Amino acid sequence: MKAVVCKAFGIPKSLVMEEISSPIAKPDEVVINVFACGVNFPDLLIIQNKYQFKPDLPFSPGGEVSGIIETVGDKVNHLKAGDRVVALCGWGGFAEQVVVKANRVFPMPPEMDFINGACTLYTYGTSYHALKDRAQLKSGETLLVLGAAGGVGLAAVELGKVMGATVIAAASSKEKLNTCKEKGADHLINYSEEDLRARLKEITQEKGVDVIYDAVGGKLAEQALRSIAWKGRYLVVGFTTGEIPQFPANLPLLKGCSIVGVFWGSFAEREPQQSLQNLGELLSWMKSGKIKQHIHKVYSLEEAPQALEDLMNRKVIGKAVVKIRSWKEEAVPSPKVDSVKERKIDQIIAKPLKIKLTDIKKQVGQTLGVSDWFTVTQDIINEFAHATQDNQWIHVDVDRAKAQMPGGKTIAHGYLTMSLAAKFFYELIEIEGARTAINYGLNKARFPVAVQSGSRIRMTGKIVNVEDMPNNGIKLFVECTIQIEGEEKPAFVGELLTALY
Ligand SMILES: NC(=O)c1ccc[n+]([C@@H]2O[C@H](COP(=O)([O-])OP(=O)(O)OC[C@H]3O[C@@H](n4cnc5c(N)ncnc54)[C@H](OP(=O)(O)O)[C@@H]3O)[C@@H](O)[C@H]2O)c1
C-alpha cells in the first residue's frame, strides 16, 4: 500500500512516499481503509521527535482518520468490516490503511462526510472539554482565544459562542481574524500589530477576561494572564510557538485565578463516558448546524508533506485535510447507526454490573453503583418539549427564564429527568440470559428538586424486590435516585419496574 513515511526525524520535507506492507489487526484492533486524514499540530511534533508519544522509525504520521473498516480482530464485537468510522490512531494515517485499537474507533455519523469525519473529533473534542469541563465557561462570560484561527482555536471560538460567551479572537493576521469573525467572534485582536493587554483592557472595560484559551504559549501567555479577571480560568492547551511559558506565582494570587491544564487524550481515556457524552452533544450541534468545521484545503496523499509544511508556516486557517483515496459519496455504503449498537458501546465502557437472570432472586438488596454524569442541555429539553408538546416557557424560553426564573435558567421537565432512568439503568446493570428487558413502569415517583438547563445528573440504583410474572417472566424493582451535581437533594426518586424474559 502507499504511505507517506518518516524514516528519519526532521521537517516535513524529509518525509517520503513509499510502498509498504499492509497492516494486520491483532485481536483487539481493526484495519481501516483510510479515506481521509486530518492534519494536526502533533503530527509536526511527532516527525521531529518532539511529541510525548514516540513511535519507532519508520512510521507514517497522521493521527486522525475517517474510512471504512477492512478487517476486525477476533475480540472486537462492536465493529465489523464495512462500517464507516472515524478513528484516533495517533500516527499511521497518511497511508492507504491503518491499524487502530478498537476502543479508539467510533461509528461515523451517517450525516458526516469523510473529509469532515477526518478533522472533527480532535479539535472540537479538545476545545469542548477545555471550555466545558476544565473552565466551566458560563453564558455571559468573556472568552479570549489565542491562536484563534488554528484547528483547536477556531473550534473554541465557535463553541464559546454556542455556550453563550462573548468571544475575543486573537490571531496574527487580518485574513485569519476575518474567518474568526465569520465564526461569530465578537472582538478581534491582531497580536502581530496590536498591544494585547491594551486591547483587552479596552474591550473588557478594565474588568479582564474570564476565560483564556491558550494553544500557543510563548510571550503572549504572560500578557494574557496579566489581563485575566478576578476568579478567571487560564487554560493551558498547547505551545505552538515552541516556548512553554513560565508564570510568576504572584499573578494567580493577585487575580484569584486558576491555571488549568487540558489534556483531552487522557480525559477521553480516563473518563470515557463523559467524553462520549461530550461527543454526543457536539454531534447534535453539528446536526443542527450550530457548529461547522472550516476546511482550509484538501491535499492529496503525495501533498501530505506540503500540508504539514503549510501548518508549520502558519498558513492554515481552520483544518487542512489529506484525501487518501478518491470516492464518490453516493457509491459508499452509508449504514444507519442503530441505537442498539450505540448502547452496546456505552455498556462496554460503563462496565455495568453483570448478573445472570437465573441468579437475579439472590440479588435483592444489591447496590448497583453509580452511572456516569449526563448533561441536560437546552437542546435536549427542547427536543423533549417538541416530542411531548409540553412547551411551557419555564422549559423552553431561555430569555424569559434569564429574567424571571430563580437561577436565571430554564428547567427540564420532570418527566424528562424520569425518562432518563432507563438510559442510566443500562449503565448500571446487564442481565445475562435475558432475551428482553422491558422498562414498563415506575412506582413512588417523586421530584424533590428541579433540574436546571446545563446541569449534570447521574443515577444510583439498588435492587429492592424481584417477583415472578406469567410466562416465566421476572419483575425487577430497582430503586433509582437521580442526583444533580453540586446539589444535596435528588432530582428524582422512584422504583423502576422492569419485566425480564
Ligand atoms: N491539550 C490538549 O489536549 C491538546 C489537544 C489538541 C491540540 N493541542 C495542542 O494545541 C496546539 C494547537 O494545535 P492545532 O492542531 O490547532 O494547531 P494549528 O491548527 O497549527 O493552530 C495553531 C495556531 O498557533 C499559532 N502559532 C503561533 N506560533 C506558531 C508557530 N511557531 N508555528 C505554528 N503555529 C503557530 C498559529 O496562529 P497565528 O499565526 O494566528 O499565531 C496557528 O493558527 C498544539 O500545540 C497542539 O499540540 C493540545
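Colleague: What is the mean pLDDT of the protein, and what share of its residues reach 70 or more?

Modeller: The idea of pLDDT is that it gives the predictor's confidence in each residue, from 0 to 100. Here the mean pLDDT is 91, and 95% of the residues reach 70 or more. Over residues 335-350, however, the pLDDT is below 50, and beyond near neighbours in sequence this stretch has 23 contacts in the model, a contact being two residues whose C-beta atoms, placed from the backbone, lie within 7 Å. Where pLDDT is low, the predicted coordinates should not be read in detail. This is a predicted model, in which local features need pLDDT of at least 70 and side-chain atom pairs count only at pLDDT 80 or more, while totals for chains, interfaces and linings use all residues. Residues are numbered from 1 along each chain as its sequence is written.

Colleague: Which domains does the domain assignment give?

Modeller: Domain bounds come from an automatic or database domain assignment. For this protein, that assignment gives domain 1 (2-120 + 298-331), domain 2 (123-266) and domain 3 (352-500). The centres of domain 2 and domain 3, taken over C-alpha atoms, are separated by 37 Å.

Colleague: Which residues come nearest to the ligand?

Modeller: A residue is near a molecule or strand if its C-beta atom, placed from the backbone, lies within 6 Å of it. Of the 29 residues around the ligand, F41, G150, G151, A171 and G238 come nearest. Domain 1 and domain 2 each give at least three residues to this shell. Among the helices, α1, α3, α4 (151-162) and α9 (264-270) each supply at least two residues, and the largest share, three residues, comes from α4. Helices (H or I, at least four residues) and strands (E, at least two) are DSSP runs, numbered from the N terminus.

Colleague: How do the residues of the shell divide into nonpolar, polar and charged?

Modeller: Ala, Val, Leu, Ile, Met, Phe, Trp, Tyr, Cys and Pro count as nonpolar, Asp, Glu, Lys and Arg as charged, and the others, Gly among them, as polar. By that rule the shell around the ligand holds 15 nonpolar, twelve polar and two charged residues.

Colleague: Is strand β5 (residues 84-88) mostly covered or mostly exposed, and how does β5 pair?

Modeller: A residue is buried if 20 or more other C-beta atoms lie within 10 Å of its own, exposed if 12 or fewer, and partly exposed in between, with C-beta atoms placed from the backbone. Strand β5 is mostly covered, since five of its five residues are buried. R84, V86 and L88 point one way from β5, while V85 and A87 point the other way. Two strands pair if DSSP finds at least two bridges between them. β4 and β5 run antiparallel and are joined by five bridges, with E64 and L88 as bridge partners. β5 also pairs with β7 (residues 105-107) in the antiparallel sense over three bridges, and there V85 has P107 as its partner.

Colleague: Where does the backbone have a cis peptide bond or a positive phi?

Modeller: Most residues other than glycine have a negative phi, and most peptide bonds are trans. The peptide bond from L57 to P58 is cis, with omega near -10°, and P58 lies in the loop between α1 (41-47) and β4 (64-72). Q136 has a positive phi, near 50°, and K231, in strand β12 (residues 228-236), has a positive phi near 65°. Q136 counts as exposed because 11 C-beta neighbours lie inside 10 Å.
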